[in-house]
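User: Hi! Could you walk me through this structure, one question at a time?

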Amino acid sequence: MRPGIELHQNYDAARLRALAKATRNAGQSRRLLALAEIYDGGTRSKAARVGGVGLQTVRDWVVRFNAHGPEGLIDGKAPGNVCKLSARHREALLALVESGPIPAVHGVVRWRLKDLVQWLWDEFRIEVSETTLGRELRALGYRKLSARPRHHAKSEAAVAVFKNLWTGRALQEGCFWLDERRFASIYPASVWSLSSGPVWESARTAPA
């Protein structure tokens, strides 16, 4: 069996245990306690049991500790995939969005994410998802516009007739089902009395 890698001599077991107690990172604390066992003269197998890992993982911790000190035992954030769009691609995309589509050429009057995804493939042979492209556009300061949902059988003429009929009947019979807050937002110059119903007098000219 080959000998284990020696730990950095600038630390000792007491110092590592103090650091493990002070840190708020659970993973770093566990690794510091495992290495403190080695400083105390324990075997690598015992250090592995303290850390709840295998011998190879303990060796990796020793390498990281020797290279970067206690900070090297903190898990770093994964860098993730490299972005496929370069600065040149973003500039071209920005110019396309700003100029807008040509209906006769592009077949749309407003850019959709699927259209821009297809354009990136046609122009640069870059394949990105709509989610990724939406994230890029938000970073450039753009927001997605969603059309208000509309029922396929809605009739504007029928809506207008209903509104006129309901309003005229309500004014004629004095029947109102609006709560006080909604009524005040529609008729701010009127006074609403919960006991006597609507009072059609201005708040400024109402008698004292």
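Analyst: Happy to! Buried means under 20% relative accessible area, exposed over 50%, and partly exposed in between, with a 1.4 Å probe and protein chains only. This is a predicted model, in which local features need pLDDT of at least 70, side-chain atom pairs count only at pLDDT 80 or more, and totals for chains, interfaces and linings use all residues. Residues are numbered from 1 along each chain as its sequence is written, and side-chain values use heavy atoms, with hydrogens and water left out.

User: What percentage of the residues count as buried?

Analyst: The protein has 208 residues. By the cut-off of under 20% relative accessible area, the buried share is 25%.

User: Which residues touch the most other members of the largest nonpolar core?

Analyst: A nonpolar core is a set of buried Ala, Val, Leu, Ile, Met, Phe, Trp, Tyr and Cys residues joined through side-chain atoms within 4.5 Å. The largest one holds 17 residues, and α1 (13-22), α2 (26-39), α3 (44-51) and α4 (55-68) each supply at least two of its residues. The biggest contribution, 5 residues, is from α2. The members touching the most others are Leu-16, Leu-35, Ile-38 and Phe-65.

User: How are α5 and α7 oriented to each other: parallel, antiparallel, perpendicular or oblique?

Analyst: Axes are lines fitted to C-alpha atoms, for helices over the stretch in contact, and angles run from 0 to 180 degrees between N-to-C directions. The axes of α5 (residues 87-99) and α7 (residues 113-124) come within 12 Å and cross at roughly 130 degrees. Angles under 35 degrees count as roughly parallel, over 145 as roughly antiparallel, 65 to 115 as roughly perpendicular and the rest as oblique. The two helices α5 and α7 are therefore oblique.

User: Is Arg-125 buried or exposed?

Analyst: Arg-125 is found in the loop between α7 and α8 (130-139). Its phi is near 55 degrees, a positive value in a residue other than glycine, whereas most residues other than glycine have a negative phi. With a relative accessible area of 53%, Arg-125 is exposed.

Methods
Helices (H or I, at least four residues) and strands (E, at least two) are DSSP runs, numbered from the N terminus.
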